[in-house]
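This report describes selected features of one protein chain. The sequence and the model are shown first, and the discussion follows.

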Amino acid sequence: MRRPTTLDDLPIRADLRGLSPYGAPQLDVPVRLNTNENSYPVPEQVTEAIAKGLAAELRDLNRYPDRDAEGLRADLAGYLGHGLTGAQVWAANGSNEIQQQLLQVFGGPGRTALGFVPTYSMHSLLSLGTGTRWVPVTRGPDFSLTVDEAVARVREHAPDVVFLCSPNNPTGTALDPAVIAAVLAEAPGMVIVDEAYGEFARAGTASALALLPGHPRLVVTRTMSKAFGFAGGRLGYLVADPAVVQAIGLVRLPYHLSSLTQAAARAVLAHREALLGTVEAIKAQRDRIVTELRAQGRTVADSDANFVLFSVDGDQRAAWQTLLDAGVLVRDVGLPGWLRVTAGTPAETDAFLTAMAELAPLKGESP
């Protein structure tokens, strides 16, 4: 019998050998809180609107979609406010594709991208995939990032692309706008602020969108996967100077965004009040998780996202398994002694907190 072909038999790039694809476990468990999805299903009135929008496109599926998604981009600009226009917005299949396109234009062989770790791991993987050298800079012990540290590292490495994640994933904390402004003043290349969780920020937290005027090298990326509960729809976008959008046109694939995706996203945006109504409920569960875990004596990162990073005593892999055995799936992001949990419904929070009681007591606690 012929031996099955393996990756070792294929002439793949040397720098990809030994790597594993990005992804979190997709397990059939009662409570899934590991991928930062919105736990609330899409309301019936919105599903009906999506179905109507899709139906209007079906007859013309023999034709290519609007290549530049102009209607969708105008709708996204209207949602964001800040005086933005469709010319400042670009949309793609998730913010990951947006960031890949940005690296194709502004990164690549002979260029570098810098990020402050721990942060969203796809930034380094997208850099690898585009031939961009990844420069990781470690945050402080409390995962903070100060103006002085950020400026010093940008000055040291002079990267072509800087990734700033606000709120940061996996820690959840938003950046001080002063950090973003200082990096913009120092960076010789593009500054990409990943705001995938921006809608969940605590009151008074500023968005990098306010810094766009006068900063043509600033790009803010966002997604409809989280706050809008549109993860299955795969729609991400960027906001930047119109020249950046024009530059993306040099590398974007022809007709990359299907007619069906555009129609569904526009229907969702038209009913955003019904969908974004879940944001406050999710924030309440997030804050509840933070409060109750701290009451247990655990260290918990401040969160402006729909998830919480919390400490466990000892091996986080064992803690992850204990929670899984109790029917609750959380995320092991590879940080020794830490796990991340998505804030979901009240019932899901109940299940998570009950499962946390099964973990070994913290050092110094009585069993």
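Which residues of H6 are buried? In this predicted model, the buried residues of H6 are Val179, Ile180, Ala182, Val183 and Leu184.

## Helices H5 and H6

The buried residues of H6 pack against H5, E5, strand E6 (190-194) and E7.

Helix H5 spans residues 147-157, and Ala150, Val151 and Val154 are buried in it. Viewed down the helix axis, the buried residues of H5 fall within an arc of 95 degrees, so they line one face of the helix. The exposed residues Asp148 and Glu156 are carried on the face of H5 turned away from the buried side. The packing partners of the buried residues of H5 are strand E3 (112-117), strand E5 (161-165) and helix H6 (177-186). After H5 comes alanine 158, which has a positive phi near 45 degrees.

Aspartate 142 is located in the loop between strand E4 (133-138) and H5. The side chain of aspartate 142 makes a polar contact of 2.7 Å with the side chain of serine 144. The C-alpha atoms of aspartate 142 and threonine 171 are separated by 9.5 Å, the two residues being 29 residues apart along the chain.

## Nonpolar cores

The largest nonpolar core comprises 48 residues, and those with the most contacts inside it are Leu164, Met224, Leu235 and Tyr237. Leaving aside residues up to four places away in sequence, methionine 224 touches Leu76, Gly229, Phe230, Ala231, Leu235, Tyr237, Ala265, Val268 and Leu269. A second, separate core has 33 residues, including Ile282, Leu293, Leu329 and Met356. In soluble globular proteins, nonpolar side chains tend to be buried together.

## Aromatic pairs and a charge over a ring

How many aromatic pairs does a search of the whole structure find? The search finds seven aromatic pairs. One of them is formed by tyrosine 64 and tyrosine 255, which are stacked, at 4.1 Å centre to centre and with 5 degrees between the planes. This pair links distant parts of the chain, 191 residues apart: tyrosine 64 lies in the loop between helix H1 (44-58) and helix H2 (70-80), and tyrosine 255 in the loop between helix H7 (242-248) and helix H8 (259-270). Tyrosine 64, at 65% relative accessibility, counts as exposed, whereas tyrosine 255, at 30%, counts as partly exposed.

Tyrosine 79 and phenylalanine 228 form an edge-to-face pair, because their ring centres are 5.2 Å apart and their planes stand at 75 degrees, an angle over 60. Tyrosine 79 belongs to helix H2 and phenylalanine 228 to the loop between strand E7 (218-223) and strand E8 (236-240), so that the pair links distant parts of the chain, 149 residues apart. Tyrosine 79 and phenylalanine 228 are both buried. Elsewhere, the charged end of arginine 340 sits over the ring of phenylalanine 307, at 5.3 Å from the ring centre.

## Strand E9

Serine 311 lies in strand E9, which covers residues 307-311. Is serine 311 buried or exposed? Its relative accessibility is 11%, under the 20% limit, and serine 311 therefore counts as buried. Not counting residues up to four places away in sequence, serine 311 touches Arg298, Thr299, Gly337 and Trp338.

## Backbone geometry

Two cis peptide bonds are described here. Valine 117 and proline 118 are joined by a cis peptide bond with omega of about 5 degrees, and proline 118 is placed in the loop between E3 and helix H4 (122-129). The peptide bond from serine 166 to proline 167 is also cis, with omega near -5 degrees; proline 167 is in the loop between E5 and H6.

Positive phi values occur in residues other than glycine. Asparagine 36 has a phi near 60 degrees and is found in the loop between strand E1 (31-32) and H1. At 1% relative accessibility, asparagine 36 counts as buried. Tyrosine 255, a member of the stacked pair, has a positive phi of about 55 degrees although it is not a glycine.

How values were computed. Residues are numbered from 1 along each chain as its sequence is written. This is a predicted model: local features need pLDDT of at least 70, side-chain atom pairs count only at pLDDT 80 or more; totals for chains, interfaces and linings use all residues. Side-chain values use heavy atoms; hydrogens and water are left out. A nonpolar core is a set of buried Ala, Val, Leu, Ile, Met, Phe, Trp, Tyr and Cys residues joined through side-chain atoms within 4.5 Å. Buried means under 20% relative accessible area, exposed over 50%, partly exposed in between (1.4 Å probe, protein chains only). Contact means heavy atoms within 4.5 Å. Rings of Phe, Tyr and Trp (its six-membered ring) pair if their centres lie within 6.5 Å; planes under 30 degrees apart count as stacked, over 60 as edge-to-face and the rest as tilted. Helices (H or I, at least four residues) and strands (E, at least two) are DSSP runs, numbered from the N terminus. A charge sits over a ring if NZ of Lys or CZ of Arg is within 6 Å of the ring centre and within 35 degrees of the ring normal. The arc is that of the directions from the helix axis to the C-beta atoms. A polar contact is a pair of N or O atoms within 3.5 Å; within protein, one must be able to donate a hydrogen and the other to accept it, and residues adjacent in sequence count only if both atoms are side-chain atoms.
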